[in-house]
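Let's take a walk through a protein structure and look at how its charged side chains pair up. Have the model open beside you as you read.

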Amino acid sequence: MFKIIKNKINELESIIEEHQNQLFSFAFFRVGSYHTAQDIVQDVFLKFFQNKKTLTSVKNVKTYLLKSIANACMDYQRKNGKIKMVDIECINVANDEEKICMAEFIRIEDLLSELPAEQSEVIKLKFVDGLNFVESAEILNMSVNTIKSRYRYAMDKLKQTHKIKGEYYE
Amino acid sequence: MNEITPKMKPSAPLSLKKNIINKIKMEKNKMKTLMIKRLLATAASLAALLTVPFVFTANNEAKAAIRFLGKSINKSDNLKTMEVKFLMQTTPNENFDAIRDDGNMLEHTFTISFENPHIWRLEKSGRTSLFDAVNSYSWLKQLGIGMMAPGIAEFFGDFEKFLDPQNLLRHEQQLAKNDGSEIAMQETGSQIILTIKSKAKGDFTNDYLKNSSIMASDNKRIYTFDKETKLLQAMLVQILYKNEYHTVFETTSILYNIPVDREKLTERPVNKNGQRCMTHQIIRL
């Protein structure tokens, strides 16, 4: 019995090592807080481990975890309301990396602030998380075509408002 | 599209993985704590379970008593500490569950702190086993060496049945179904006494292993618990040898909610030279 648990923990450890940075960054750019992002990633991994089926039955662990993180971030935003923007200097952060990342978070939120939430999310999945349309569609539970059209609308709007320059490609 | 791409992405904090793994271990241990806590009402639950066959023929009064006993299982959830002192016929260095006919009735102390994280220690003159919420250790005091295993290891051997009520209950349930077990429940003014007589379990074709442990013996187990507090008060185990019952396990005291120094509970024991056992002498299992 103990060995089974131990093996599962070893397996989970390697999954954490492989995906933790991407998942943490994903959560951070949704909630804008290191602390909250850490809590969310932690909870998702715990639930992933506690669900006996997931370790053996999930085919694409990365997508499964990203989807879980996306849902957890949405829950968090639902409970805590829209993220309030504050001046980076007012934020008490632990180190330079956190400060730069907070500044980036604020900059990107500002850039996407005029987009409807669903279009903004598609843009983030592509540019912030580096996911392709197929992966984005899987995470948002939508067709690839819907993702593509939201992407086009969003990019048009960003160009019109002069927030981005240059050509964009799907 | 550089404008939308972050110039820097945050890395997961170094503590993230450690926190997750620790939490998982804690969860497992918490589950174990609950199981162990329920040991304290084992007698009650045993009575409730073991008298199930009796229910079918018993009167309503007996059924009410069983219901009452069943409720008592939850009583142990509020306990903070427990200390059980018992005598067992064995030798100082032997595994905790082994009965030795060349042994004496040696004093053992089993102490649990149920505060989160729960920890416990089982000790006799030659051996100490403890669980410090992360690892289990079993120290051979004479040699000053010990074994360590992550999580709750099986250092208690068969004796763990008595520490883990779920195992015990499952075991007792099996016995209840077995025609060879005799179960009797006696109610006095302030106590409920449950007596279970069982046949030896195992393959004893050559009789070598018979009477080597409680379960490998024809045995009688007597649980006494307080009718009012519903907590276990005493436990006695006797094995049948040459047509006579001999006591091999007997509690001398069971105390609840006494002050327990948690640091001392997980302290490494002192070896025969009066020195504390060294961690580098640990054999990792």
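**Charged pairs, one by one**

Start in chain A, where A:D75 and A:R78 sit 3 residues apart in helix α4 (residues 61-80), about one turn of the helix. Helices here are DSSP runs of H or I with at least four residues, while strands are E runs of at least two, and both are numbered from the N terminus. This is a predicted model, so local features need pLDDT of at least 70 and side-chain atom pairs count only at pLDDT 80 or more, while totals for chains, interfaces and linings use all residues. Residues are numbered from 1 along each chain as its sequence is written, chains are lettered from A and ligands numbered from 1 in the order in which they are written, and side-chain values use heavy atoms, leaving out hydrogens and water.

Side chains of opposite charge can pair when their charged atoms come close. The name for that here is a salt bridge: a side-chain nitrogen of Lys or Arg within 4 Å of a carboxyl oxygen of Asp or Glu. A:D75 and A:R78 make one, at 3.0 Å from N to O. A:D75 is partly exposed at 36% relative accessibility, and A:R78 is exposed at 62% (buried is under 20% relative accessible area, exposed over 50%, partly exposed in between, with a 1.4 Å probe and protein chains only).

Now look for A:E121 and A:R30, whose salt bridge spans 2.9 Å from N to O. This pair links distant parts of the chain, with A:E121 in helix α6 (residues 117-128) and A:R30 in helix α1, 91 residues apart. Both residues are buried.

Which residue of chain B pairs with A:E13? That's B:K17, with the closest N and O atoms 3.8 Å apart. The pair crosses between chains, from helix α1 (residues 2-31) of chain A to helix α1 (residues 15-37) of chain B. A:E13 is partly exposed, at 24%, and a network of salt bridges links A:E13, A:E17 and B:K17. Over all chains, the count comes to 9 salt bridges.
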